[in-house]
Amino acid sequence: MFPKTPPMGFNTWNTFGENISDEMIRQTADAMVEKGLQAAGYEYLVIDDCWSKRQRDPVTDKIVPDPVKFPNGMKAVSDYVHEKGLKFGMYSCVGVRTCADYPGSFDHEFLDAATFAEYGADYLKYDYCYRPDKTNGELLYRKMSMALKASGRDILLSACNWGCDDVHRWIRSTGAGLYRSTGDIIDNFVSFRDIFLSQLDNFVYSAPGCFNDMDMLTVGMYSRGNVGSTGCTDLEYRTQFSLWCMFGIPLMLGCDVRDINDVTLKLVTNPNLLRINQDIECRPPFIARECDNNRRNAYGRVLSDNELAIMFTNLSDDRDTSLWLPFENLGLPIASGKGLRVRDAFTGEDKGVFKEYMKQALEPHDCAVYIAQIVDV
Ligand code: GAL
């Protein structure tokens, strides 16, 4: 499966951890449709770790869904998700066990891929725990990719090896559609800031077909759930979501979408931010101005339809910041006689025409995002 733009959906791990069930998945599918998330593009509903029994079936050797959590089996859940017009995602691991100590797919790749295809899976998140020593991680991703292709179903492979083993150098060649590039996110500002900063040199590897995945969003979790931590303010969640959008990262919601609040819903369905994230050209952003060890930067990103995204960040705790971006740094010198008509991505408001430069004041942890068009000045 070759995703043309960053995949979007929901994953159970951040909020639910092992507390997943048939009922909770169905309610989530309902919520994704009723709240307009599906209409905004969130199409995958992915069940993460902890869905199976602790051991394989002794006769068939297959992984077996936990009969308490999923009393109707997985096909029934998958059918329900499909009836809602959503796509269904499963989870396994390259190792002998999953990270939460359930059966992994090592040496069972083709059997398990066939099982996921029987369930009607459209997506497989494939983790990296309990890999036997001296085995080759790259080869194990190749194997599962082949197994999924051999299953006869078009299943998107979502690699999750946390950025180890120079993954960005080889993952595209395996056939995976996205790849986790960092360790696990937890729900606080420093966690997502450091994940983002760690990838500044790697976005260039992200392109149609295979996207750099900085992990599921914690937006809207407010410290609740499995990776709860201290939580973030709404302003910090807006910065997280904006970074994920600006940098073309897969958008997998991690909050409980059944009781998502209005602020979060408005943010994650913001048409301007999603337009940037889903831009068909999938170009990497560039640093247009660097300051304070990349804490206070300006970024540019060439979009389709002659548009340009501009983002200012203040990822520092510094209150006294005013960021200055000369358009020369975007490749638009004053001598060109051109300037930028700019609209605010958060509000859609037309901010007018700027020439030569923009200046942006930002509170700590805040950001600003604009969509711009070249105009005569
Ligand atoms: C981690 C992975 C998380 C989650 C967890 C499940 O390795 O990075 O996203 O899937 O395992 O145990």
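**Notebook: ligand and core**

I began at the ligand, where I found a polar side-chain atom of Arg 180 lying 3.1 Å from a ligand oxygen atom, a polar contact being a pair of N or O atoms within 3.5 Å. I then looked up Trp 162, which has a polar side-chain atom 3.0 Å from an oxygen atom of the ligand, and Asp 48, where an N or O atom of the side chain is 2.7 Å from a ligand oxygen. On its own the ligand has 310 Å² of accessible area, and the protein covers 95% of this (Shrake-Rupley method, 1.4 Å probe).

I noted that the model is predicted, so that local features need pLDDT of at least 70 and side-chain atom pairs count only at pLDDT 80 or more, while totals for chains, interfaces and linings use all residues. Residues are numbered from 1 along each chain as its sequence is written, and side-chain values use heavy atoms, without hydrogens and water.

Which residues surrounding the ligand are the closest? Of the 13 that surround it (a heavy atom within 4 Å), the closest are Asp 48, Asp 49, Lys 125, Asp 127 and Asp 184.

Next I turned to the largest nonpolar core, which has 91 residues, and in which Tyr 42, Trp 51, Phe 196, Phe 241 and Trp 244 touch the most other members. Such a core joins buried Ala, Val, Leu, Ile, Met, Phe, Trp, Tyr and Cys residues through side-chain atoms within 4.5 Å, buried meaning under 20% relative accessible area with a 1.4 Å probe, protein chains only. Domain 1 (8-277) and domain 2 (286-376), whose bounds come from an automatic or database assignment, both give residues to this core, so the core lies between them.

Terms used
Buried means under 20% relative accessible area, exposed over 50%, partly exposed in between (1.4 Å probe, protein chains only). A polar contact is a pair of N or O atoms within 3.5 Å; within protein, one must be able to donate a hydrogen and the other to accept it, and residues adjacent in sequence count only if both atoms are side-chain atoms.
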